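Here is a short report on the structure shown below. It begins with charged pairs and then turns to other topics.

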Amino acid sequence: MTMPPLLLAAGALFWGWQNDLLALAVPMAVVLELWRGSRWRWEMEAADFNRVADFSSVAFAVLAIYQFNDKGLHAIFAILRWLPAILFPLVALQLYSRRGAVPLSALFVSLRRARSSGWQPLKDADLRAPFFLATLIAASAANDRSLWFFAGACLLIGWALWPQRPRRHPPLLWGALLAGALALGFAAQYGLQRAQLALEAVVLQWMQDHAFRNPSPDRAMTAIGMVGRLKFSDRVRLRVRTAAPLTMPLLLREASYSTYRNAVWTNRDAPMIAVETLAGPRTWTLGPTPPRSARLDLSAYLTDQIGVVPLPHGIYRLSGPAVLQVQANRRGTVMLESKPGYIDYAVDYSARGFADPPPTPEDLDVPEVYGSDLDRLVDRLGLRGQPPQRIVSGVQAFFRDRFTYSLVQRGRFPWTRPLMDFLLNRRSGHCEYFASATALLLRAAGIPSRYAIGYSVSEYSRLEGRYIARARDAHAWVLAYVEGGWQVVDTTPAVWRSLEDETASATEGLFDVTSWLGYQLSRWREGDSAVQSYLPWALIPLSLLLMWRLARRRRVHAAARSTTTAAQRAGLGLDSDFYPIVRDLIRRGHPLREGETLAAWVSRLPEGLTGKTDVLRRLLALHYRHRFDPQRLATHDRDALRQGMRAFWMSVRPGY
Amino acid sequence: MLKRLLYLNYRYLARLDQRLRGRLTPAGLLAAAGFVGGAVFGIDTRQTTAFEIAALFFALLGIGVVCTQFGRLNANVRRRLPQYATAGQTLQYTLCVENPGGKPERDLAVLEQLDGGLPTFEEFTAFEDRDDPGNWVDRRLGYRRWVKLLAFKRGANLDAIALPPLPPAGETEVAVQCLALRRGYLHFRSTLVLRPDPFGLVNAMTRRTNPQALLVLPRRYALPRVRLGSRRRYQPGGVHLASSVGDSREFLGLRDYRPGDPVRHIHWRSWARTGKPIVKEFQDEFFDRQAILLDTFAPAGQIFEEGVSLAASFVLNDWGQDTLIDLLFIGARTVQCTAGRGLGTAARMLELLACAQPCGGRPFSELSRVLLRGGAQLSAAVCILLAWDAQRQALVRRLRAAGVPALVLVVTRPEDAEPSPGCMADDPERFLALRSGNIEAGLRRLSVRAAARGTHA
């Protein structure tokens, strides 16, 4: 492959520019091109190449160990970033050696021990083109999302391709085709990004539907920083029966978290502890009984034997016939132990009282990368030093007035601090953005707060006669500790619910019916359904039908068996009148040899004994026809066979 | 299980290589590598922008493939092969490429395709590369072994050769050079005519099927002139077995026909004159007859190949004008060939040796039986043995007991101990142990010993 002048240096500079390693790339570029103008060439033995290759290998190993120790799996990209620097000594040696190429034994240790037996001489390798490719790919490790990287790569690849072009095509055609290829490449890379988003959405959806149906009490991943449209399914996740119709959406919390890092909310030092206080059979007390309370009957789904369930704020009692154990942590998350599948439970709660314990220092934790910016924002909003209730109002007003709800995040992936980008620039996002930003902003203003996830229930299903919550009703909000109690602060614009509803599938109704039937079937198997009361009556016609089917089948089998036997015998010709005579003659000392045909046996019969062999042969022909002719014997022939055999038997019998 | 899995993978890769061979130019291979590298490092489009590199190379290769679908590629190819080639030496032949079209053709290249077939699983597991076993990973994975076996079966590795511009109805000749990797037949299957796309990445291809075979003779070693003995031995059956001309056809007289006399010896004129069959009688013949015995009772491998090469070298030894040479080995069948005095040629013997294979399970006694059957006619024998065990020593002992002096050459593995002369202890100068991989150096000792005995030229 022909390498055009200055291409290697350009590749090295491009790599250095992208990775902020120009101080290293510039001398490399000089060395990589200086050889053209210089006459310095060293006589290098294979051992010299081996030594330099070993040096590069050791450098690679040291770098790999260091990076994997430091960055874990992300070390792959850090190693990729340094790849040209590792390869450089070997390429430089090639350029300045008289040999002009690198022996393969330098690259493969096992080839160094190969004895020359005239088998096949080892070829040398020209590392210039692979090095150029390495600089291109290593430049991508900088992850520059601007168009500069793409443009630079196009330029370098076009430069490399120019000397390779066949001379039979005019340069204009080459240029036009290259432009087409670059345009196609741009479209392809854009398509790859979109395809990854689509795939991730599908996987996320699947995981939400199956693997993470019950969230973890310790960790909640958010979609903060992801680009594209969030899409949730219409699947019914929760069924709620209330004593009175809801006048406003009911927030049912699954879990709350206190620490935010890299788009993930976690809980530290919040183990799940079994609730031992029993108020009665299968009834657990989670807090003091308030003077006024309300009651909810819920039905959720457990993918495992134990899982987090959604509960209203202010819960103080929980009961369920199938619940085996209740666990809770100090962030107010409750897990139920039961058989996997649908679980019904009832809760008593009070809108005024919160069972959650008081805040901990983690509830004031603000990530370091956001600290100064959030402080400035708090000052700008005039929240510093304000009473807590006013701070909460100010924060709610800030989000209400200046932010919009959107399920779509545009732009080229924001690599760092997506939450600040949301707060200061885009000001548009989904509930996880709002809840996370609100929690951090409140903390920056001195209000302990937690990030809560769960469902917002407002849809009444006439099919089921109760409220339902779908996967798309999943919501995130904030709990703020104000004036000695935890208060719900939901800054997500109320329009979110209608926007989510717009994403409903056209087949939602059909799936609702399927889901309801599945739920009813499950309840019936558990023995808790109205269907069960009708079952004995349904069993009567079913039993009758079953009995009739069994009786009919037995008759058919019996008839089939008898007719089949007769037909088989007739079909095989085994009812021939020839056989009794054969059996008798065999018994009388004329055995049929193994494998001997009847014709051979008949011809072997002593003439003097029977005197009727010709007759027997004629009858044998009739027997063969009866036995093997697909058309079968006509009735008169069959009669002739029967009578002939009888006559034959009568004629020879006196001889015995 | 692992070996079979590896074998299936290698076979799949080899098939893929056969299909793609010639499809990509060197620059195209680099672009494909760029595509794979970009795809691997850019699999998560958030982590790096390598996926943009992959997309670019994908687009370039894709457009290259589309471009190769346009424009008819028209060229006829003829091949001019030499009569023989020699293993381990450069084979050179000529390809004549003709442009039958009315338009000039530029940037064409040709790629020869050899037909060797893919190794079977049994061949893959049985193939041992004692010369270069590689490191632990090589031995476990066996990929280098596979590549070597593949090339060995194919017989040579041929690269694409660029053609000069071809005018309309013009013709050009290009010299093709390659290293003949093994002896035996090279089967040329077809020639691919290649023309690159405008980027120079992907080739348009057309296949010209022109099957031909070329026999590659075994490699030979430089030998001193070896003479083992000049005692002429009686050759029963007459001279006609050796030649129809020369001093061996000494006419003695006429006698009556006896049953069993060859018809060619009937003297027709005397029969016509006397009315009864008369035959010509010839003088009994005494020749110098040397046997070259090749031990094929060893598995295929380097030692076997070196044995064959030794036999080929002795075939071409200057035995003298009147000497008959017998070559004897047991292959798939028993091969016994005589050359000299116009009966056969050394070339014929080399052809036989080019196709020699291990005997594959036949007993060693068969070789003894065949050799000793004609032992009384032999003046001397060169025994090329691949081991020095009891049965081989017994053969040599019986040969010498029959009065046939023997030069015994034993090829041994480098790591094996030097074998003791054994039954050749009384004539150690005619016993030579040759180290595999270092045969020629061992043969130089033969020269020194021959000089000491005065039996070389």
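A search of the whole structure, which is a predicted model, finds 38 salt bridges over all chains. Side chains of opposite charge can pair when their charged atoms come close. Four of these pairs are set out here.

| Salt bridge | Closest N and O atoms |
|---|---|
| A:Asp637 and A:Arg625 | 3.4 Å |
| B:Arg183 and B:Glu305 | 2.7 Å |
| A:Arg168 and B:Asp107 | 3.7 Å |

**Pairs within a chain**

Take the pair of A:Asp637 and A:Arg625, a salt bridge with its closest N and O atoms 3.4 Å apart. It links distant parts of the chain: A:Asp637 sits in helix H21 (residues 635–652) of chain A and A:Arg625 in helix H20 (residues 613–628) of chain A, 12 residues apart. A:Asp637 has a relative accessible area of 16%, so it is buried. A:Arg625, at 35% relative accessibility, counts as partly exposed.

B:Glu173 lies in strand S6 (residues 171–179) of chain B and B:Arg80 in strand S1 (residues 76–80) of chain B, so the pair ties together parts 93 residues apart in sequence. B:Glu173 is partly exposed, with a relative accessible area of 43%. B:Arg80 is partly exposed too, with a relative accessible area of 42%.

B:Arg183 forms a salt bridge with B:Glu305. This pair also links distant parts of the chain, 122 residues apart: B:Arg183 is in the loop between S6 and strand S7 (184–196) of chain B, and B:Glu305 is in helix H8 (residues 302–315) of chain B. Is B:Arg183 buried or exposed? At 8% relative accessibility, B:Arg183 counts as buried. B:Glu305 counts as partly exposed, at 22% relative accessibility. Elsewhere, salt bridges that share partners join A:Asp577, A:Arg638, A:Asp639 and A:Arg642 into one network.

**Where the chains meet**

How many residues of chain A are in contact with chain B? There are 58, and they touch 52 residues of chain B. The area buried between the two chains is about 4800 Å², and carbon and sulfur atoms give 64% of it. The rule finds one salt bridge across this interface. A:Arg168 pairs there with B:Asp107. The rule also finds 11 residue pairs in polar contact across the interface.

Helices H4 (75–95), H6 (109–112), H7 (128–139), H8 (147–161) and H9 (171–211) of chain A each supply at least two residues of the side that touches chain B. The largest share, 15 residues, comes from H9(A). The residues on this side of chain A divide into 34 nonpolar, 14 polar and 10 charged.

**Chain A as a whole**

Chain A has 21 helices and 26 strands. Of its 656 residues, 47% count as buried. Among contacts in chain A with a separation of 6 or more, 75% join residues 24 or more positions apart.

Helix H13 (residues 431–444) of chain A has 14 residues. At 1.5 Å a residue it should span 20 Å, and its end C-alpha atoms are 20 Å apart, which agrees. Since 14 of the 14 residues of H13(A) are buried, the helix is largely enclosed by the rest of the structure. Just after H13(A), A:Gly446 takes a positive phi of about 95 degrees.

A:His313 is in the loop between strand S14 (311–312) and strand S15 (315–319) of chain A. At 10% relative accessibility, A:His313 counts as buried. Its side chain makes a polar contact with the side chain of A:Trp477 (3.2 Å).

How values were computed: Residues numbered from 1 in each chain as written. Chains lettered and ligands numbered in written order. Predicted model: local features only at pLDDT ≥ 70, side-chain atom pairs only at ≥ 80, totals over all residues. Heavy atoms only, no water. Helix = DSSP H or I, 4+ residues; strand = E, 2+ residues; numbered from the N terminus. Expected span 1.5 Å × (residues − 1). Buried < 20%, exposed > 50% of the residue type's maximum accessible area, 1.4 Å probe, protein only. Contact = heavy atoms within 4.5 Å. Buried area = accessible area lost by both parts, 1.4 Å probe. Salt bridge = Lys/Arg side-chain N within 4 Å of Asp/Glu carboxyl O. Polar contact = N/O pair within 3.5 Å; in protein donor to acceptor, adjacent residues only side chain to side chain. Nonpolar A, V, L, I, M, F, W, Y, C, P; charged D, E, K, R; others polar.
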